[in-house]
Structure formats: structure tokens, C-alpha cells
Amino acid sequence: MNRKSKLKINKGEEFKIAIKDIKDGDTIFYDQYKQALKMLGTIVKTSEIIQEKEQEDRNKNWQSEDYENNIIAFCGERGEGKSSAMCTFIKSLSNIDEEILDDMQIESESIKNTYFDEPIIIDPSQFDNVHNILDIVLAKIYEKFKEDYEKNEEISERRKEELLNQFQKVYRQVSMINNQSKMLDDEFDYEGNIGKLSKLGESTRLKTSLKKLLELYLEFRKNIGNGKKKGNHQIIIAIDDLDLCSANAYLILPQIVIVMAVKIEQLELCVQERNLIDFEKVFKAYEKSNEDNNKNNSKIYGEIFGMAERYVSKLIPKARRIYLPKVQDLEKTDIIYQGSDNEDDKIWSSDDSEENSLVEKVLKLITEKTGMIFLSEESGTSYLLPDNLRDMVNWIVRLADMKTPSNKDEYLVNIQKFYELFEIGTLDKELYGELGNELKAMWKMDVVHTHVNAKKLLDRIEGELVNSDKITSCGEREIELFQVMKKLEYVKRKVFDYQKERKISNIKSLYTIKMNQLKEEGKLFDIKGFVNGYLWGDSFLTIMPRVKLENNSYLNRGRFEVRTIDLYNKISNELLWDGFVDRLEASRDGIIRVNNISQNLLYRKENVLLWILIGLFCNITSIEKQSDGIGKKIYQNDESIIYNNSNLRKEVEVSLENYIIGICNIDGLYNKINMKKLNIEQEEFCGVAADIKENNKEIIKCMKRIVANIDMALAIHEYCKEHNEYKESTDTKKERSKEIVNKLLKNIYDYFEKRNIKIGIPKEQFTELKLSDNITINIGAIYASLIECGKDNLQRKEKEEFEKLKNMFNNIFEEKSDVYNGNEKQRFSSYLKNITAENAKLNLEKMAGNILYLRKGNFLVWKENKINELQEKIQELYLKVIEVYVNDKSRELNQEIIQTYRKLAVEEKDLLDQINDEVQ
């Protein structure tokens, strides 16, 4: 559809057949009406030709009643607007406007020169076991004729009688056909007379009689109506759903146009059902004679279904079918919901909206009324919204009737109403059955059960392609939001089945509704609440490049550990607050004790702001050793940065994701920091936080939208991954880190702009945080400084780890090892097929254990110098291996180290082989 269109909905008529005016030119079915008028032109032109030919050739042959098909069928699924389109089209024919034809570029003099009589509307409810379409058509035109001649005294008696006689003749013939059993009785009545054959022949001439009747009727109607100046005349029969009676064939006549609304697939099913009934005995006999031949049984049923398809194709040729557009495919379509036909009486309108498609406009309406953001698929469709016009109108009406909210309470009311719409319109209707019931149950579940069941549903839908162990565990709760998010991100890349995608989309929708409800209730960011500190978790590392250190190791900019004292002092230095706040110093035993912030301190507020920044950028983690000795990271969002004994936590984890989540819940930082131990009451803290919230409300509003709307969160993560290319810079690594952080924030801003979601501040301000009227910090600059702390901390820890491993290795030779005691020979790899640093380290430790074994057993004493020389080489190689190991234990070693290892392994193996010779 290339032209602008409008979906107009009148209050009180939302679910009636919508009869519009084609002259408006902005109907959503404009292209379909254009198709219908072209077909009409063909039908009318053919009718003219046939009539002219028949007038010239009075001696008609048997072929003359085989007329051209005269059907125009509006086809579509339930609720797609077939009846509305059909009625709008036939309404336009009562007084066809030549401007419409010109606008649609339809050059049809035949249409312009044709008088279309008042249409005969046939509703399926008029059918019964006795009467068919033909009966109803005859009854309706007779009713009109009777009404007309009773009103018009000027009509000649001769014309009345001629028409009445023709009505009687046609009625007699129709009655003969309808009473088939009576015909058979008469046919085999051997005592009857030749007159009965005359009656039987009369019924076979029904089509000719009917044609004559229509000619007389239309001429009659034309002379008393507005069609006197027209050369041609046609009668329109409109059928809303098609009767399958064979009497339809009698209506294939030159002066009739049949316009119908029909679902072709359903019509074929009806024909199949009738065929199965008509040929029931044949099927049973065939099946009985071919009991063991399933192929033949399938073949005969296939033939029956093929018969149905061919019957429908003949009745309604494909060239005469007009398929209505899917409502989700409508582009350049405005929505107008009005209280009456007066366009000024608008309840809601999408006019002048930047969104192009109808789907985008409805999704924007959802956001306008509820604050929730649901995104369309890449194809432009939405699994959330209905795919037929009737249900879409229901959604639009329900949404438009909601009060436009101005506060949290009103948003909450609308979100609850929207869930009811989602439950009735989607879970009960589209997902009827097990999954719909499970999602309804999840709506009432607590946080843990919601996440656990969402993960199980996703596993089941996807088919268990992901090992759950690959998703990071994080403490007491079996599963967290970020783990569900990681699973959603995974299935998006792996699942392409339409039905599965739809189910996954509805799980996301349920999450978004539930999270927005909790947000408006002020519970979304509670400790151990729905979010629990993380949205993307370890997936966040993929959207920021690592920084390379001098020793060839890497620090993840997205998330890294720092000492808390360094974090405090670094932020203080960056803010130039050294004279305003106390600098923290560690005691000799490494413990940092924080002091109360004095009530009389001139810069008391600055001290509170400093701790707020610390709480914004960090989260608390710990390492828990498992049975296999491997440390597992535990996220402890219910812990505080300051212990209850006023000691400062030694280490915290810094992440830009912490800032994104933390800015949404600044008040919650009071307990996260444990500000009470600093002599700050919650009321005072919330006063300082209120200024930050007021000065940064656009940023906070944006971040809350990301956190509370699953589609948005997943899409922004993907967008930032795709746009994480940064220009090479000659600046320092700290400047580059600042650029990377600010670029990520700008990517978020750009994504909102791309989605036509306005942020009320310039892009550059989105990278800043205004702490007070006169204090503004650049997030990139602060975070880049924290990355420097992270680099120092990582290098310090690597050095400590290096020294620890070095001492542990030396302990083997000094008989101080807990693992190797020298009492038995150790098996080790001589080739080192697995060339990771971790594997080489383990095998070198076993080789060291064998050196101790040689010494303790007094083997090869005469080779002592050789053993000492081998030990020194193994120690030297071990230092090179653990230098790599402490950076990345899974990194593969270079060829020089590998070849050295293999050479030493051969030497040690030779020494061990010589033990047997000496013992013997």
C-alpha cells in the first residue's frame, strides 16, 4: 500500500460491520477496492457483449447459457474485515462516482454506463434446510417489485402482469427442482400422462426463465429509479459467507454481479464434508475391499479433497479472489477513534505520528497508556498484537479508553487493565492450553518461582539445546533475572520456528508487564527483588572491549574488581575533594575502619555524595570454593559495603551495568552502603538523593525503561554489541576508556532516538551525572579512572598469585608440599597435547614431584648433577608458564615454551627409565 490510509473506529460501532465510503480515499482497503472495480468492469463489459450477441442471434444453441463467471470474492481469515469490505464496495455501486474511477485510474465506460440496482444482501442466518440462495434472491426481488408497483400507480397493468407471470413461472420451476422426491414419483408414475413430461422440461428451463425475469425486473426498476439515463443495468447480490447449494449455478447470469465475503479454506472444508457425506457408502465399500492398503485409502481421500479444491476453484476462480491485507502488514495507516462520525470528536488519534506502520502505532499507544515498551520484530510484525482486524480494533479501543496516566497510581491501574487484555486476548485466545495456563500461573508467582519457571519454559520450547551449567550460578537463589535474559538472548539466535518464537515473545511480554507493575509499586529494585542488582550479568562483558595490560594480560572494562579503599580515594581525587573529605588509610593489618561523618562538618553533603557514587558503580561479590577446588563467584546484593563493625569491605566489583541499575534506585543505596554506620539517617540521605533524582530525571527515566522492558533491554544489548567499534586513538589508554564508556552511553541514547522515544536532554548530557546544581561529573571520565584502579588491582593480584604459585612449586622440592611427598612416581604428559597454561602447570608440578621421588629414593645418585640441572630447568620453565597462567589459565602457550617442555619431559623420562636398570 503506497498511499496514506486511515483506520476509523466509531465509538459504539466498534464491532459492527464498518461500511465506509470509498470516496474518502483513505480507506485501508483502497487497493482491494481498486481490484474489485477492475473485476466489475470486466464482468459488466462481458455482460454487454453477451446481451448484444444474444439479441443478434435469436436462434440460441445449447452453448449460449454457459455464461462467464460473475463473482467478486473478498477473501480472508476470521475478523479480517471481509464483510466490511464487501458492504463498502457494494454501497459505492449504488451511485458510482466517476471521480473514484479516475482516482483509481480505472478506464471503464461500461461501469459508468451501468445502472446498479439496489443490492440484495444475503445473510447466512437466512439459510435453512429448505431454502437456498436462489429462493432468497427471488423472494427479495419480488418483495421490492411488489413494494414498487403498489407505490407507483403510473406503471402499466401490462408490465405488471408480464412480470408477475414471469415470477410465477420461475417460482414453479424452482419448486419442481426443490421437490426432487415429487419429481421422481411423477417420473415413474406409469399411469400418468404426457403432461408430466412438460412439467419436467419446464424445470430444466429455469436458467432461461430466470434470465428473462431479471431483464424484466431490471427494466422495471430502471424506469422508476435513477437509472433512466444509463444504457446497461445490473443487479448486485451480496453474500456474506457462501451457501454451498448447487442452486448457486443458476445465478451465473449476464445481468447479475455476485459480491461475497468468504474464507476459501473454510469453504473447501465444507465441500469436503459434504462430499464425504454424499459418498459415504462408496468410501465404506472401498475401505472394506482395501483393508490392508493404506496407500489406496489415502489416495481416495486425497481425491475427495482434490474434488473440493477444484469445485471451489470453478465456483470462485482465483482471478476473482481479492485477498484482504493482514492488519499487521498495514503501512502508512493512521488510527482514528472517534465518538461519532464527526472527525473533530476524536477520542484518540495517531495522526502526525512518526511511526509508519499500524503495528508501531498500536505499540506506541500501549506505551502512551501504560509506560511499557514492546518492540516489533525485524519483519515489522508483533507477536503481542492480534493478527486480524477485529481483534486489533478491540485492543485499540480498550487501550484508547484508558485514562492517559499522569502519576504512578494511574499507570499502575492501566498496567493491570493491560494484563487483563493480555490474558484474555493472548493467553486465553492465542495460547489456549498448557503454555497459556503456565504463564497465567507465573503472573501470581514470587520472584524465584517466576525466574525458575521461565527458564524451564524456555528450555522446553527451545528443546534443551543449552546446558544449564553454562549459565552462571549466583548464590542462594537458583536463578536470577540476568540468567533468564541470557537464555532469551540465546534462543533468539537459535530458534526460528514461528510458533516457538511466538511463545518466547509472550514470555518476554509477561516479564515486561510484571516488571512494570513492580516498578510502579516501587518494588522492582528491592533487595533480593526481581532485578536483584543485575540485568545482563556476565553478558555485559560482550559490549565493552577489554583493555590490554603491559604484561599481555587483559582487564574486562565491563566488570572488574577493585579494592574498596582505592575506589573511594580515586573518586575523591577525580572530584578534587581531597580537602573536603577524609582520605582513607589502611591499618597495618590491612583493615580499613570508616569514621562517622560529623554533624558539624562543613562538607557533610559532599561526603554523602561520595559514598553515593561508590554505591552507584560497585556491587558486592565473593568467591566460594566448590568441591573441585574451583572458585565460584557469588553475587551478594543483600550485603553492604561497610560492615556493621564499621570496617570497610576489602574488595568490590565495579561495572557500568551497576551504574545503570543503581541510578534507577538511588534511595536503595542507603542500605547497600550501610550509611547508618556513617551517622547518616535515611531522611537526610534521601534528601541528598532527591536532588540527584531531580537533576537527572531524564537519565533515570531512560534507564528504568531499559531495566523494566525486556524487549528494550535485549535490543539495546544487541545494538551496543553491533556498534562497539571505536576509532583508534593516539591518546592514553585512560582517554580511550573514557571514549568507550561514553560511546556506550551514546549508543543507548541513539537507540532510543532510532525508536522515536525522545529523551529530554542533549546526547552529551546523557554521559554526565549532575550531583547538585554546581557539581556535574562525566561518567566516562570517572569510570576510566576506576578502570586504572582495576588494572592496578589486577596486576597486584596477579603478582600475588604468581608469588604464591612460585612458593608452592618450590615447596615441592623442599618436601613441604601437601600434594607431592616423593613416595611414588607421578605420571605426566611427555608431548603436552593440550597446550594451555593450566595443563602445562599441572604437568610441571608432577615432574617436580618426580624430582623429589628420585632424590628421596636415592635413585641414580651418580646422576645427581643431571637431576639438579633438570630441576633448575623445570623451575625456570614453570615461572614462564605461571606468568601466562595468572593472566589467563586457558590461554595456549607459545611454541618456544612447548618445545622446551617436551625436551625436559624426554630428559625426565630417560632418568625414570634408568631406575629399573639400577635396581636390577
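Which strands does helix H13 (residues 358–370) lie across, and at about what angle does H13 run to S8? I looked: H13 lies across S1, S8 and S9, and runs at about 50 degrees to S8.

**Ground rules.** I am working on a predicted model, where local features need pLDDT of at least 70, side-chain atom pairs count only at pLDDT 80 or more, and totals for chains, interfaces and linings use all residues. Residues are numbered from 1 along each chain as its sequence is written, and side-chain values use heavy atoms, with hydrogens and water left out.

**Whole protein.** I find 31 helices and 18 strands (DSSP runs numbered from the N terminus: H or I of at least four residues for helices, E of at least two for strands). Of the 920 residues, 50% count as buried (under 20% relative accessible area, 1.4 Å probe, protein chains only). I also noted an accessible surface of about 46000 Å², 46% of it belonging to carbon and sulfur atoms (Shrake-Rupley method, 1.4 Å probe).

**The sheet.** I traced an open sheet of three strands, order S1-S8-S9, with mixed pairing (two strands pair if DSSP finds at least two bridges between them). Strands S1 (5–10) and S9 (346–349) are at the edges with a single partner strand each, so one side of each has no neighbour in the sheet. On average, neighbouring strands here are turned by 20 degrees against each other, direction ignored. S1 pairs with S8 (residues 333–338) in the parallel sense over six bridges, and lysine 6 stands opposite aspartate 334 in S8. Helix H14 (residues 389–400) also lies across S1, S8 and S9, at about 65 degrees to S1. Angles run from 0 to 180 degrees between N-to-C directions, with axes fitted to C-alpha atoms, for helices over the stretch in contact (heavy atoms within 4.5 Å).

**A helix pair.** How do the axes of H17 (residues 447–462) and H19 (residues 498–520) cross? They come within 10 Å and cross at roughly 170 degrees, so H17 and H19 are roughly antiparallel (over 145 degrees). Leu457, Leu458 and Ile461 are among the H17 residues in this contact, and the H19 side includes Ile504, Ile507 and Tyr511.

Most residues other than glycine have a negative phi, so I checked for exceptions. Asparagine 674, in the loop between H23 (669–673) and H24 (682–695), has a positive phi of about 70 degrees. Asparagine 674 is buried at 11% relative accessible area. Leucine 860 has phi near 55 degrees and is buried at 1%. Leucine 860 lies in the loop between H29 (837–856) and H30 (864–885).

Definitions and conventions. Parallel < 35°, antiparallel > 145°, perpendicular 65-115°, else oblique.
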